[in-house]
Each structure stands twice: as C-alpha cells, then as structure tokens.
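Let's take a friendly look at how charged side chains pair up in a protein model. Please have the sequence and the 3D view ready as you read.

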Amino acid sequence: MATAVLRRPLLASLLPAAAAGAGSASFSSSYLPTRLHLRRRRSPPPVLAVSSDSSKPIASSSTGGGADPDEEPVLPLLQELADCLVLPHKFLSLLPRDLRLDLNDAAFDLSNGPVLNECGQEVGDLLLDLAKAWEMADTSASNNLAKQLPSMAPYLTASAKSAFGKRLASAGKKFQTMGQYGNGEFKKISETMIKIGKVLSKRPVIQAEVQAMKEKRKLKFGELQFELTAQNAYIGAAIGLVFGFFSWQLAQGVQSNPDDTQALKVALVVLGYTSTALSVAAAVGLVVLAQQINPEDKSN
C-alpha cells in the first residue's frame with residue numbers, strides 16, 4: 001500500500017513534465033506504458049480444435065458433467081465421420097448408375113422412418129438433408145452438411161445416440177457393397193460409419209433414464225401417489241365399466257319412474273347417461289393405455 005501511495009505523486013510530476021518539453025515527454029511515454037504493461041496479466045485463450053476440412057473453429061469441450069466417464073466422447077467421433085464424408089468435387093455426380101442406386105439405398109437407411117422422433121429435431125433434419133443431397137448426387141451440398149456433423153454433439157442425448165448409431169451402421173453396410181471405387185472413398189466411409197455406429201449404439205442402460213420414465217408414470221393427487229402400470233390400467237378400466245353400468249341402471253330407473261317432476265327427471269336422466277358415456281370412454285382409454293405400456297415394460 002505504501003508503494004502505491006508514493007507512485008501517484010511521481011506520476012503526477014511526470015505528466016506535467018510531458019507537456020513542458022520533448023525530452024520529458026519521451027521519458028514519460030516510455031516509462032508509463034512499461035509500468036502498466038508489467039502489471040497487466042492476460043488469461044490464456046481457450047483451446048480450439050480446427051477441422052482439417054473447415055476453417056470454422058470448434059470449441060473443445062467435454063460431453064458434460066453428468067456423462068459417463070467410461071463412455072467415448074461423441075465430438076471426436078462426429079469429427080472423424082465428417083472428415084471421411086467430405087468427397088472430391090463432383091464426385092457423386094460422376095458415379096455410374098449401379099453405384100448411384102447403392103448410394104440411394106444408403107440415404108434411405110440413414111433417414112427412413114421416424115428419424116426426427118428417434119434422433120431429435122436438429123440431428124434428424126441434418127440426416128434428412130444429407131440423404132437428400134446423396135439422392136440428388138450433390139457433392140457440394142453433401143460436403144457442407146457433413147462438416148456440420150460435429151456441431152450436433154450437444155443434441156445427441158443417450159437415446160438419440162443409439163438410434164443415430166444404428167442408422168450409421170445400416171448405411172455403412174450399403175457403402176460397403178460399393179467396393180473399391182475411385183481412391184477408396186466408399187471403403188473408408190463404410191468402415192468409419194460401421195465403426196462409429198457400433199460405438200454409439202452399444203450404450204449401457206442408464207439407470208437415471210429408467211428412473212425418470214418411472215417418475216413420469218406416477219400420478220400424484222396431493223399426498224397420494226399412484227404408479228401407472230398395465231395392471232393398474234386394466235383395474236381402472238374395470239372400475240370404469242362397473243361405474244358406467246350402475247349409472248346406466250340409475251338413468252333407466254329414473255326414466256321409468258313417473259313420480260318425479262319433469263325437470264328433475266330430465267336432469268337426472270341426462271346426468272346418468274352422461275356418466276355412463278364418460279365411464280365407458282375412460283375404460284376404453286385405459287385399455288388402450290395398458291396395451292401401450294406392456295411393450296415398454298418388456299423392452300425395459
């Protein structure tokens with residue numbers, strides 16, 4: 001603290017001297033920045049990884065704090081996949097007819113079915129666009145889309161990785177049938193896609209996901225919790241049918257009783273038949289829900 005206090009008068013005396021003469025100005029201009037430069041500390045810049053096929057830098061980051069330490073990082077795999085999918089200029093448009101058909105088959109395996117639901121919106125859209133570029137034999141569009149694959153790493157959830165890996169492995173087998181064309185581009189693509197596809201699809205069962213699915217099946221009514229299972233759904237459907245039967249019987253009894261007033265009689269009959277219809281609809285819905293829960297329980 002004492003050193004800092006003594007420097008302020010010294011700097012104040014040097015600044016007027018800079019206005020008085022050229023000699024003092026050169027001294028103060030060389031002295032002051034040097035002192036400030038020595039006191040400044042710069043933080044090291046972030047580490048960036050640059051693709052060999054793209055000038056756009058990609059920030060180096062891990063897969064996240066909650067990721068499995070034994071699981072292989074996704075970003076290097078996607079970067080390797082992107083590098084092998086970048087082809088020479090007009091490569092796809094010069095393919096013979098039989099290889100064009102095989103390329104269309106690979107595009108179909110990569111993007112067919114519910115790709116958006118399985119792989120997510122972002123990854124699914126990219127796969128659809130990439131498959132379309134292959135079908136159109138547009139090498140430029142295919143290369144641009146392939147370079148975007150590493151940016152999909154944050155969007156690949158655990159379930160999306162498995163679906164994406166299966167699609168890669170299936171499409172890679174189609175490239176495998178193309179043989180040694182050109183400089184072996186298709187062979188490299190097939191080997192890379194099959195390898196990465198197997199790595200992504202062979203993920204361990206994550207207990208957190210199973211627990212989250214079970215939490216979603218719990219119905220809460222204040223302090224009460226009711227687990228939604230196929231058996232409970234069938235029980236609820238049976239209760240609904242019984243309640244609907246009694247409501248229908250009540251409506252029939254009120255309708256056949258001549259002693260009630262007309263307004264009250266109409267209201268009770270409408271209420272009874274409405275309860276019957278709602279009970280039957282709820283029972284049918286619970287049966288359908290139980291049939292949907294059964295395959296999920298077997299798969300888990």
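Lys174 is partly exposed, with a relative accessible area of 28%; here, buried means under 20% relative accessible area, exposed over 50%, and partly exposed in between (1.4 Å probe, protein chains only). Its partner in a salt bridge is Asp109, and their closest N and O atoms are 2.6 Å apart. Because Lys174 lies in helix H8 (residues 158–176) and Asp109 in helix H4 (residues 97–111), the pair ties together parts that are 65 residues apart in sequence. Asp109 counts as buried, at 14% relative accessibility.

This is a predicted model: local features need pLDDT of at least 70, side-chain atom pairs count only at pLDDT 80 or more, and totals for chains, interfaces and linings use all residues. Residues are numbered from 1 along each chain as its sequence is written, and side-chain values use heavy atoms, with hydrogens and water left out.

What makes a salt bridge? The term stands for a side-chain nitrogen of Lys or Arg within 4 Å of a carboxyl oxygen of Asp or Glu. By this rule the count comes to 3 salt bridges:

| Pair | Closest N to O |
|---|---|
| Lys174 and Asp109 | 2.6 Å |
| Lys195 and Glu80 | 2.6 Å |

Arg167 sits in helix H8 and Glu118 in helix H5, 49 residues apart. Helices (H or I, at least four residues) are DSSP runs, numbered from the N terminus. Arg167 is buried at 6%, whereas Glu118 is partly exposed at 34%.

Definitions and conventions: Helices (H or I, at least four residues) and strands (E, at least two) are DSSP runs, numbered from the N terminus.
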